[in-house]
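Could you walk me through this protein, one selection at a time? I have the viewer open and would like to know where to click next and what I will find there.

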Amino acid sequence: SESNSSFSGGVLSMIGAINNAQPYEKELWRIADDRNILSESEKMGALYIPPKVGDRIKMDAPTSFTKEEAVLKDIGNTKYGDIIIYELEPGARALDIEQLSHYKSQKEAITCGEFEVVDVSVKNSRRMRRVKKDAKPEVVESAKKRMIGVDEDGNYIVPFYEVRVKIRQVG
């Protein structure tokens, strides 16, 4: 349809503008939860596995980041599951859209492209989940690696992760 065509054209124009943007001189941050990363089939009980240094992450569409790390706390209160914070090194091509954004308090910039993982830190959060002992074998195996205990029914008590992933734009 005509509206889909104009939307696609707008996205392509935005990607072109990002690709031609001057490098942003400061760090940018993005917060996500595992529900936004795992596929629908993976959400059926799987546990998030953080990336490793050297892995590549593609963000094909313009993706929102914040220019101020302090904003993450407010956004993080709306997330559930494993929390992933992406810290984008200075020098990425990005467009400052704070004045255009509907979410002024988020102080947004957008970027896209390919990113290399340069550092990963993982810590357990204070929030817990239970993984049923009769879950899929791969889920049970993952739960056993992360568990801090077992409940009265033999289910695994597993902490949610708080993951910080430092990335560098490479393409």
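Here is a tour in short stops, moving from confidence to strands and then to individual side chains.

**Stop 1: colour by confidence**

Start by colouring the chain by pLDDT, since this is a predicted model. The mean pLDDT of the protein is 85, and 89% of its residues reach 70 or more. Now select strand β6, residues 149-150, where confidence is highest, at 94. Helix α1, residues 2-19, has the lowest confidence, at a mean of 78. Next, pick residues 38-44, where the pLDDT is below 50. Beyond near neighbours in sequence, that stretch has six contacts in the model.

**Stop 2**

Select β3 and show its side chains. How many of its six residues are buried? Six of the six are, so the strand is mostly covered. Look along the strand: I83, I85 and E87 point one way, while I84, Y86 and L88 point the other way. In a regular strand the side chains alternate between the two faces of the sheet.

Six bridges join β1 to β3, and the two run antiparallel.

Which way does β7 run relative to β3, parallel or antiparallel? The two run parallel, and six bridges join them. Click Y86 and find its bridge partner in β7, V165.

**Stop 3: salt bridges**

The whole structure holds 13 salt bridges, and a few are worth a visit. Begin with D82 and R146, whose closest N and O atoms are 2.9 Å apart. D82 lies in the loop between α2 and β3, and R146 lies in helix α3, so the pair ties together parts that are 64 residues apart in sequence. Both D82 and R146 are buried. Keep R146 selected and show Y161 as well: the charged end of R146 sits over the ring of Y161, 3.4 Å from its centre.

Move on to E89 and R168, a salt bridge with its closest N and O atoms 2.9 Å apart. This pair links distant parts of the chain, with E89 in the loop between β3 and β4 and R168 in strand β7, 79 residues apart. E89 is buried, because its relative accessible area of 19% falls under the 20% cut-off. R168, at 36% relative accessibility, counts as partly exposed.

Now select K123 and E162, where the closest N and O atoms of the salt bridge are 3.6 Å apart. K123 is in strand β5 and E162 in strand β7, 39 residues apart. E162 is partly exposed, with a relative accessible area of 33%.

**Stop 4: another charge over a ring**

Show R127 and F160. The charged end of R127 sits over the ring of F160, 4.7 Å from its centre.

**Stop 5: C112**

For the last stop, click C112 in strand β5, residues 108-131. Is C112 buried or exposed? It is buried, with a relative accessible area of 2%. Leaving aside neighbours within four places in sequence, C112 is in contact with several residues, including I15, I18, M59 and Q169. Finally, try the distance tool from C112 to A92: the two are 20 residues apart in sequence and 9.1 Å apart in space, C-alpha to C-alpha.

Technical notes: Residues are numbered from 1 along each chain as its sequence is written. This is a predicted model: local features need pLDDT of at least 70, side-chain atom pairs count only at pLDDT 80 or more; totals for chains, interfaces and linings use all residues. Side-chain values use heavy atoms; hydrogens and water are left out. pLDDT is the predictor's confidence in each residue, from 0 to 100. Helices (H or I, at least four residues) and strands (E, at least two) are DSSP runs, numbered from the N terminus. Contact means heavy atoms within 4.5 Å. Buried means under 20% relative accessible area, exposed over 50%, partly exposed in between (1.4 Å probe, protein chains only). A salt bridge is a side-chain nitrogen of Lys or Arg within 4 Å of a carboxyl oxygen of Asp or Glu. A charge sits over a ring if NZ of Lys or CZ of Arg is within 6 Å of the ring centre and within 35 degrees of the ring normal. Two strands pair if DSSP finds at least two bridges between them.
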